[in-house]
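Here is a short briefing on the structure shown below. It takes pockets, salt bridges and surface features in turn.

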Amino acid sequence: MNSVVHFELTADDTKRAQKFYGGVFGWDFTEMGGEYGNYIMIHTTETDKEGMPQRKGAINGGMMKKDPTAKHTILTVAVDNIKDTLEKVKSSGGKVISEVMPVPNVGLYARIEDTEGNTVSLMEPTKEYKEKAKNL
């Protein structure tokens, strides 16, 4: 069974959104920059030195500017093989809405649209990332 492992919030104004979520829920943020673009990590729970959640079942997320393939909150599902999963999406009536792209030190990532118009992200974690996450 493939599990939800991450979430992504989209925002027109990421500074305003950070202020809101930090003030309401006490979340912390890390702006990634560099090879990660303008992506912002959201910390909803305590993490270890490698950024892995320490509370079983808890997940962290990310934030990015809204774009045509990311207009609303997106759940990220971990899959064993992203190419096989993309074929299943297509054969089940869904659409692939982004190319597969590497996320440094994490894995392969793509976005799909389900049969109801919802955007969902897929992540095929690297072997190393799976090892770090095995206790979650």
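**Briefing: pockets, pairs and surface**

The lining of the second largest pocket divides into three nonpolar, six polar and two charged residues. The model is predicted. The largest pocket has a volume of about 1,300 Å³. The structure holds five salt bridges, and three of them are described below.

**Second largest pocket**

- About 170 Å³ of space lies in the second largest pocket.
- Its lining residues are P68, T69, K71, H72, T73, I74, I97, E113, G117, N118 and T119.
- E113, one of these lining residues, also takes part in a salt bridge, with K95 as its partner.

**Largest pocket**

- The volume here is about 1,300 Å³. The lining comprises 46 residues, and the closest to the pocket centre are H6, M41, V106, M123 and Y129.
- Which elements each supply at least two residues of this lining? They are strands β1 (4-11), β3 (40-43), β4 (61-65), β5 (74-78), β7 (101-103), β8 (107-113) and β9 (119-125), together with helix α3 (127-133).
- By class, the lining of the largest pocket has 26 nonpolar, ten polar and ten charged residues.

**Salt bridge E31–K15**

- Side chains of opposite charge can pair when their charged atoms come close.
- The side chains of E31 and K15 meet in a salt bridge, at 2.5 Å from N to O.
- This pair links distant parts of the chain: E31 sits in strand β2 (residues 28-31) and K15 in helix α1 (residues 14-25), 16 residues apart.
- Is K15 buried or exposed? K15 is exposed, because its relative accessible area is 53% and the exposed class starts over 50%.
- E31 has 47% relative accessibility, so E31 counts as partly exposed.

**Salt bridge R111–D67**

- R111 forms a salt bridge with D67, and their closest N and O atoms are 3.7 Å apart.
- The two residues come from distant parts of the chain, 44 residues apart: R111 is in strand β8, and D67 is in the loop between β4 and β5.
- Why does R111 count as buried? Its relative accessibility is 8%, and buried means under 20%.
- D67 is partly exposed, with a relative accessible area of 29%.

**Salt bridge E113–K95**

- In the salt bridge between E113 and K95, the closest N and O atoms are 3.8 Å apart.
- E113 lies in strand β8 and K95 in strand β6 (residues 95-96), so this pair also links distant parts of the chain, 18 residues apart.
- E113 counts as partly exposed, at 22% relative accessibility.

**Nonpolar surface patch**

- F20, V24 and F25 make a nonpolar surface patch of about 310 Å².
- F20 is placed in helix α1.
- The relative accessible area of F20 is 46%, so F20 is partly exposed.

**Backbone at N105**

- Most residues other than glycine have a negative phi.
- What is the phi of N105? It is positive, at about 65°, although N105 is not a glycine.
- N105 is in the loop between β7 and β8.
- N105 is exposed, because its relative accessible area is 61% and the cut-off is over 50%.
- N105 and S3 are 102 residues apart in sequence, and their C-alpha atoms are 20 Å apart in space.

**Other positions and distances**

- G51 lies in the loop between β3 and β4. At 35% relative accessibility, G51 counts as partly exposed.
- The C-alpha atoms of G51 and S92 are separated by 35 Å. Along the chain, these residues are 41 residues apart.
- V103 is found in strand β7, one of the strands that supply at least two residues of the largest pocket's lining.
- V103 is partly exposed, at 21% relative accessibility.
- V103 and E124 are 21 residues apart along the chain, with 9.8 Å between their C-alpha atoms.

Terms used:
Residues numbered from 1 in each chain as written. Predicted model: local features only at pLDDT ≥ 70, side-chain atom pairs only at ≥ 80, totals over all residues. Heavy atoms only, no water. 1 Å grid on protein atoms, 1.4 Å probe; cavity = no way out; pocket = protein on both sides within 12 Å on 5 of 7 lines; lining within 4 Å. Points joined across faces, edges and corners; volume = space filled by probe spheres on them. Helix = DSSP H or I, 4+ residues; strand = E, 2+ residues; numbered from the N terminus. Nonpolar A, V, L, I, M, F, W, Y, C, P; charged D, E, K, R; others polar. Salt bridge = Lys/Arg side-chain N within 4 Å of Asp/Glu carboxyl O. Buried < 20%, exposed > 50% of the residue type's maximum accessible area, 1.4 Å probe, protein only. Patch = residues over 30% accessible without salt bridge, like charges linked within 9 Å, V, L, I, M, F, W, Y side chains within 5 Å. Areas by Shrake-Rupley, 256 points an atom, 1.4 Å probe, with all protein chains shown as cover.
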